[in-house]
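Visitor: Please take me through one part of this structure, up close. I would like to see how the inside is built.

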Amino acid sequence: MKQSINSAQQLLETVTDTAAIAAFLNETEMAKEVVTGLAKNDIVALASLEISDGQVVTVGDKQMASDTQAVMRALSSPFSETASGKLSLIINLKLIKQHAKDAAIANTIVLVAQTFVITLVSLLLCYRYLTRPIDEISRCLHNICPGGDERLAYPLGHEQNEIGLLVSDTNKLLDSTQGVINTERELRKKVESLEIQYHRIFSRSYAAIFIANQQGKLLTYNQSFERILAKSNVSQKIKMAGEQVYRIFADQDKVASLIKKSCQEERSIESDLEIQVADGEPAAWIRCTFSITSNESNESNESNESNESNESNE
């Protein structure tokens with residue numbers, strides 16, 4: 001609005017001299033030409049010139065005069081400082097408001113278009129330089145089997161930035177994982193090989209060996225102990241019903257005491273023990289060594305190594 005008033009004042013400044021002459025000479029035709037020229041401007045709704053004899057020459061839409069902004073200028077005589085008339089303009093506020101509205105709409109459209117373009121470009125750049133490389137890394141990582149030789153490739157153009165650093169660190173973790181898995185495989189193979197060897201030694205040992213839990217239930221034994229067990233008159237009961245293994249001995253209380261002592265002192269106990277035999281069979285003595293073993297769950301088991309002595313008749 002302020003700019004429109006300034007424009008109207010500049011228009012008045014342009015025709016002031018001509019309007020002052022027309023007002024001084026009471027030239028109605030000249031006055032009409034002045035106001036007609038002013039009224040042709042788009043921002044002017046009505047122009048009027050009051051000459052010295054009191055006549056008012058008006059050109060424009062008089063209906064806008066009541067609700068619009070007026071700009072006036074007093075006219076002086078060309079030969080003296082006495083007033084000779086008055087020149088006034090009624091600004092076309094409706095047109096100015098429409099122009100302002102159109103300009104605001106145009107600026108809004110331009111701003112929205114710029115925002116859309118900037119957002120679209122930002123999304124494309126983000127996808128091109130961030131989302132797509134990370135998505136490629138994720139898909140490749142899902143296809144890599146831990147412990148294998150496959151590694152992530154650097155996305156094109158990201159070798160020296162943070163994404164390249166992420167790929168490098170991930171490959172280092174894969175290398176470390178592969179090393180751990182390979183070491184574990186080698187150790188597992190060695191353990192399996194040792195288990196086979198120890199089991200072969202256990203099975204083929206000349207010494208009779210058995211393993212029982214703390215309750216005396218027989219868990220496993222080798223062939224040598226099986227030969228001794230065959231001489232006992234309770235061997236089938238122990239095998240089938242899982243009874244306490246020290247029932248094959250004649251002095252069961254002594255065996256139970258030896259086992260308890262071995263568990264408490266956590267050391268090997270040796271003793272010569274007689275085994276129960278069927279009626280009419282000669283007596284048999286064995287040299288027994290009781291010692292503690294533990295499994296992975298820390299459950300204590302009793303192992304025994306027995307050397308069969310020569311049988312003797314009672």
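Guide: What follows is a look at the nonpolar cores, then at one helix and the cysteines. This is a predicted model, where local features need pLDDT of at least 70, side-chain atom pairs count only at pLDDT 80 or more, and totals for chains, interfaces and linings use all residues. Residues are numbered from 1 along each chain as its sequence is written, and side-chain values use heavy atoms, with hydrogens and water left out.

Start with the largest nonpolar core, which has 25 residues. A nonpolar core is a set of buried Ala, Val, Leu, Ile, Met, Phe, Trp, Tyr and Cys residues joined through side-chain atoms within 4.5 Å. Buried means under 20% relative accessible area, exposed over 50%, and partly exposed in between (1.4 Å probe, protein chains only). Leu38, Leu49, Leu75, Leu87 and Leu89 have the most contacts inside this core. Elements giving two or more residues to the core include α1 (2-25), β3 (70-76) and α3 (93-142). Helices (H or I, at least four residues) and strands (E, at least two) are DSSP runs, numbered from the N terminus. α1 gives the most, with eight residues.

Another core lies apart, with 22 residues, among them Tyr246 and Phe290.

Now turn to helix α5, residues 223-231. Ser224, Phe225, Ile228 and Leu229 are its buried residues. Exposed Gln223 and Ala230 sit on the face turned away.

Last, the cysteines. Cys145 is exposed, at 52% relative accessible area. Cys288 is buried, at 0%.
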